Amino acid sequence: MRARISLLFLILALSCSKEKYTKRTYLAMGTVVNITVPADSPDAADSAFLAIHLVDSLMNPISPLSDVNRINGNSGRWVRVSPYTARCIRRALEIAELTEGAFDPTVGRLVHLFHFDRAPDFRMPPEDSLRIARDYVDFRKIEVSGDSVRIGRGQQITLAAIAKGFAVDLACEKLDSMGVTGYIVEAGGDLRVRMPEGAKIGIRSPRGEGLFGVLRLRKGAVCTSGDYERFFYFRGKRYSHIIDPHTGQPVEGELSVTVIGPDATTVDALSTALFVMGSAKGLELLQELKSYEALFIEAEGVNMSPGFRKYLEEVF
Ligand code: ADP
Ligand code: MG
């Protein structure tokens with residue numbers, strides 16, 4: 001699997017002595033995974049990584065044996081999956097409902113047409129194939145019963161916008177269960193922190209190489225969906241790899257959306273959904289979601305929910 005080195009976040013520094021922590025780096029989910037744990041228990045990082053490796057094998061779009069590919073290969077029929085896959089899909093459906101389909105795992109056919117699952121060779125598909133693929137988008141046709149899943153006949157799902165967050169959460173649950181009380185788990189820029197001293201996290205500026213600002217976080221998750229790492233040009237226009245499920249077209253005009261909240265699963269899926277919704281609708285939704293905050297960097301300017309500001313330590 002091609003590794004995608006993400007610089008969405010740069011973990012700048014821990015405000016504690018560096019010797020207290022150690023960082024191990026791995027490859028999974030098509031990206032780089034960094035796990036920081038106390039220096040006196042470095043092997044905890046390996047145990048946490050195994051959780052991420054498991055989610056990768058269940059949800060990656062490449063291996064024919066992954067749960068996602070078995071579900072897609074048996075559309076219209078019930079498929080027995082891992083309890084983790086069932087849990088992730090249940091959460092995906094809740095977020096699809098909450099965001100009125102701005103996040104929708106049934107965009108699989110569209111993702112495939114644009115080659116978003118085959119970076120970096122993205123392309124604009126012909127209009128008639130787009131129209132057909134769009135007709136299959138409807139998360140309400142996904143059913144989950146126990147550990148079995150059935151999607152609508154002809155539908156294809158993707159968990160690309162939630163699986164990294166889910167994997168990070170599973171790794172953190174593992175560390176919590178081992179009694180580890182200081183860690184950062186980061187997969188391709190999606191991260192979750194538990195650091196009594198607080199961790200400084202840089203938010204990349206969506207244009208240029210610099211930072212937009214720096215966050216400080218003690219406990220919680222941060223994920224960004226951006227148009228600057230995975231995008232393509234068609235007839236002089238720039239398109240992101242995030243699709244508006246209602247139109248079947250890639251989102252335009254949104255540069256990046258960063259979300260903070262208690263768990264990485266929700267934060268990952270929400271960052272994708274809010275990227276589709278834009279700041280006007282997105283900020284309305286955030287008023288209902290007390291524990292989640294977001295920063296929108298758009299072509300027209302920067303907007304954030306009132307609570308986001310308290311995490312921002314510096315803005316450049
Ligand atoms: P990244 O993978 O860069 O972290 P995201 O978490 O936003 O970014 O996930 C984007 C990926 O999710 C796309 O590459 C595509 O495979 C899939 N996707 C695109 N649009 C949607 C959508 N509206 N809902 C759910 N999944 C989507
Ligand atoms: Mg996401």
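# Chatting through a predicted model

Modeller: Let's start with R87, which is partly exposed, at a relative accessible area of 37%; partly exposed means between buried (under 20% relative accessible area) and exposed (over 50%), with a 1.4 Å probe and protein chains only.

Colleague: Which helix does R87 lie in?

Modeller: R87 lies in helix 3, residues 83-98. Helices are DSSP runs of H or I with at least four residues, strands are E runs of at least two, and both are numbered from the N terminus.

Colleague: And what does R87 touch?

Modeller: Leaving out residues up to four places away in sequence, R87 touches F166, L170 and E173. Contact means heavy atoms within 4.5 Å.

Colleague: Before I go on, what should I know about the model and numbering?

Modeller: This is a predicted model, where local features need pLDDT of at least 70 and side-chain atom pairs count only at pLDDT 80 or more, while totals for chains, interfaces and linings use all residues. Residues are numbered from 1 along each chain as its sequence is written, chains are lettered from A and ligands numbered from 1 in the order in which they are written, and side-chain values use heavy atoms, with hydrogens and water left out.

Colleague: Thanks! Switching to the ligand, how many residues surround ligand 1?

Modeller: 18 residues surround ligand 1, and the closest are K164, S225, H241, I243 and T272. A residue is near a molecule if one of its heavy atoms lies within 4 Å of it.

Colleague: Which side chain has an N or O atom 2.7 Å from an oxygen of ligand 1?

Modeller: That is the side chain of T272. A nitrogen atom of ligand 1 is also 2.8 Å from a polar backbone atom of I243, and a nitrogen atom of the ligand is 3.1 Å from a polar backbone atom of D104.

Colleague: How much of ligand 1 does the protein cover?

Modeller: The protein covers 97% of the 580 Å² of accessible area that ligand 1 has on its own. Those areas come from the Shrake-Rupley method with a 1.4 Å probe.

Colleague: Which helix gives the most to the shell around ligand 1?

Modeller: Helix 7, residues 264-288, gives the most, with three residues.

Colleague: Last topic, the whole chain. How many helices and strands does the protein chain have?

Modeller: There are seven helices and 17 strands in the protein chain. Of its 316 residues, 57% count as buried, and the C-alpha trace spans about 60 × 45 × 35 Å along its principal axes.

How values were computed
A polar contact is a pair of N or O atoms within 3.5 Å; within protein, one must be able to donate a hydrogen and the other to accept it, and residues adjacent in sequence count only if both atoms are side-chain atoms.
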